[in-house]
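Me: I would like to go through this structure with you. Could we begin with how far the model can be trusted?

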Amino acid sequence: MIEVAQGAMETIRNEGAELEEKIEEGQAFMTTSCCPSWVELANKHIPEMKPFISSTGSPMYYAARIAKEKHPDAQVVFIGPCVAKRKEARRDECVDFVMTFEEINSIFDGLGIEVATTDPFPIPFVSTRAAHGFAQAGGVMGAVQLFLTDNNRPQVEGIQVSNLNKKNVSLLRAYAKSGKAPAKFIEVMACEGGCITGPSTHNLHDAGKRQFAKELAKR
């Protein structure tokens with residue numbers, strides 16, 4: 001949990017700096033790179049988009065390196081709602097395993113562990129609210145924009161594309177082929193609503209959104 005929050009902050013810092021650099025170089029726009037499904041789709045079906053996709057690693061990428069640095073012999077296991085993280089992990093020597101929320105819940109059930117009744121773990125590291133908002137649509141874009149503002153950098157207009165359906169894929173393909181987009185920064189997520197509606201969330205869509213908003217409000 002600590003490393004994931006730190007990893008998200010590393011993604012914010014690096015992606016913010018990269019966005020600013022690309023704009024200064026004259027690049028028309030840049031898309032996020034946190035969603036492995038989006039990166040894989042672009043590589044296979046929209047090759048023209050490759051130059052416009054950020055090279056910044058995802059929070060999993062940075063969190064794994066932070067964990068390995070602290071505990072070199074540890075096995076790093078990423079747990080989340082996304083099955084596409086398995087594909088990303090195959091390219092990352094620092095991530096040993098990927099599990100979904102459904103899978104970890106099955107393990108807890110099998111061991112008779114009731115997470116709701118366990119004592120909360122005191123986290124000694126306090127991260128920003130933005131670092132915890134990545135999972136919802138607009139979270140990455142908002143965090144990067146906040147980073148730029150907080151560091152007295154020019155604000156960058158952004159748009160958000162979630163749900164990679166036929167219409168949105170065609171839209172992104174048009175941006176790539178023309179080299180033009182309605183904003184300098186585009187957040188792309190495969191799942192409608194973001195990661196909180198991923199295929200293995202182990203929660204109902206609306207209930208998950210309400211729970212996420214409630215937890216985020218505490219930050």
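Reply: This is a predicted model. The protein chain has an average pLDDT of 87, and 84% of the residues score at least 70.

Me: Where in the protein chain is confidence lowest, and where is it highest?

Reply: The lowest confidence falls in helix H6 (residues 129-132), with a mean of 60. Strand E1 (residues 30-31) has the highest, at 98.

Me: Turning to Gly 7, which helix holds it?

Reply: Gly 7 is part of helix H1 (residues 2-24).

Me: Is Gly 7 buried or exposed?

Reply: Gly 7 counts as buried, because its relative accessibility is 0%.

Me: Which residues does Gly 7 touch, leaving aside those up to four places away in sequence?

Reply: Its contacts are Pro 59, Tyr 62, Ala 63 and Ile 66. For Ala 63, the C-alpha atom is separated from that of Gly 7 by 4.2 Å, although the two residues are 56 apart along the chain.

Me: Now the strands. In which sense do E4 and E5 pair, parallel or antiparallel?

Reply: Strand E4 (residues 158-162) pairs with strand E5 (residues 185-189) in the parallel sense, over 5 bridges. Within this pairing, Ile 159 stands opposite Ile 186 of E5.

Me: What does the chain pass through between E4 and E5?

Reply: It passes through helix H8 (residues 166-178), and this β-α-β crossover is right-handed.

Me: Last topic: how many residues line the second largest pocket?

Reply: The lining has 16 residues, and Thr 56, Gly 57, Ser 58, Glu 88 and Arg 91 lie nearest the centre. Helix H2 (36-45) and helix H3 (59-70) each give two or more residues to this lining. The second largest pocket holds about 240 Å³ of space.

Conventions:
Residues numbered from 1 in each chain as written. Predicted model: local features only at pLDDT ≥ 70, side-chain atom pairs only at ≥ 80, totals over all residues. Heavy atoms only, no water. pLDDT = per-residue confidence, 0-100. Helix = DSSP H or I, 4+ residues; strand = E, 2+ residues; numbered from the N terminus. Buried < 20%, exposed > 50% of the residue type's maximum accessible area, 1.4 Å probe, protein only. Contact = heavy atoms within 4.5 Å. Pairing = 2+ DSSP bridges. Right-handed = clockwise from strand over helix to strand, strands pointing away. 1 Å grid on protein atoms, 1.4 Å probe; cavity = no way out; pocket = protein on both sides within 12 Å on 5 of 7 lines; lining within 4 Å. Points joined across faces, edges and corners; volume = space filled by probe spheres on them.
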